[in-house]
Amino acid sequence: MLENKRVMAEETTAGCCCGNDAGEGSRGTEKRLGWHEYFMSVAHLISRRATCTRGHIGAVIVRDHSILSTGYNGAPSGLPHCNETNCRIYRSTHPDGTVEENCVNTIHAEINAIAQAAKHGVSISDSDIYITASPCIHCLKVLINVGIKTIYYDKPYKIEHIAELLRLSGIRLVQVHVEEGDKGCTC
Ligand SMILES: [Zn+2]
Ligand SMILES: [Zn+2]
């Protein structure tokens, strides 16, 4: 099920989360992050740990407003990180004829989040996931099997490739776009 919903920040009279006083003149105009913005902003922050040159993606698995697990894309633990010289790109052709490029070294962010939960014995059934980009078809298949209910994504990535699987599985895909200025405190 594909939904396209932009989630806006909640207005509040609270001061900035960083604790800095914005001053009397601006009191009442500070906005508090809504839950969707909050978790997507965390996903963007986590993406900054990614190492593959193909792109930096972050993922956060959430249930009942609590973070259960996180992940970013990169090489398996203890193995060399990707960089400009050892990122090993391979090409694959989708049944519709479009060519996709991926890196042999890299585990995708959402799979790493699932692996972290498995490692620590955290159940993620009936949870939601926030990802900075919509999942590839391979990750989507795993997200279905671990019991993810809703996938929230920021940037679309080849959504046409996963449309049929979304429809057949019933898993929800919802866009949560976070504006650049909302990704962190600028005080
Ligand atoms: Zn790579
Ligand atoms: Zn993937």
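Residues are numbered from 1 along each chain as its sequence is written, and chains are lettered from A and ligands numbered from 1 in the order in which they are written. Because the model is predicted, local features need pLDDT of at least 70 and side-chain atom pairs count only at pLDDT 80 or more, while totals for chains, interfaces and linings use all residues.

The protein chain contains four helices and ten strands. Helices (H or I, at least four residues) and strands (E, at least two) are DSSP runs, numbered from the N terminus. Along the sequence, their order is β-β-β-α-β-β-β-β-α-β-α-β-α-β. Of the 187 residues in the protein chain, 33% are buried. A residue is buried if 20 or more other C-beta atoms lie within 10 Å of its own, exposed if 12 or fewer, and partly exposed in between, with C-beta atoms placed from the backbone. Among contacts in the protein chain with a separation of 6 or more, 56% join residues 24 or more positions apart. Two residues are in contact if their C-beta atoms, placed from the backbone, lie within 7 Å.

An unreviewed UniProt entry lists H108, C136 and C139 under "binding site". These residues are spread over 32 residues of sequence, yet they cluster in space, with a largest C-alpha distance of 9.0 Å. UniProt positions are given in the numbering used here, feature names are shortened, and annotations may be inferred rather than shown by experiment. H108 is located in the loop between β7 (99-103) and α2 (109-119). H108 counts as buried because it has 24 C-beta neighbours inside 10 Å. Leaving aside residues up to four places away in sequence, H108 touches I57, N73, C136 and C139. C139 belongs to helix α3 (residues 137-145) and is buried because 23 other C-beta atoms lie within 10 Å. With the same exclusion, C139 touches H108, E110 and I111.

In α2, the buried residues include A109, E110, I111 and N112. The buried residues of α2 are covered by elements including β4 (58-63), β5 (66-72), β8 (128-133) and α3. Just after α2, G121 takes a positive phi of about 70°.

Positive phi values also occur in residues other than glycine. H65 has a phi near 65° and is found in the loop between β4 and β5. H65 is exposed because it has 8 other C-beta atoms within 10 Å. K158 has a positive phi of about 45° and is found in the loop between β9 (150-155) and α4 (163-169). K158 is partly exposed, with 16 other C-beta atoms within 10 Å.
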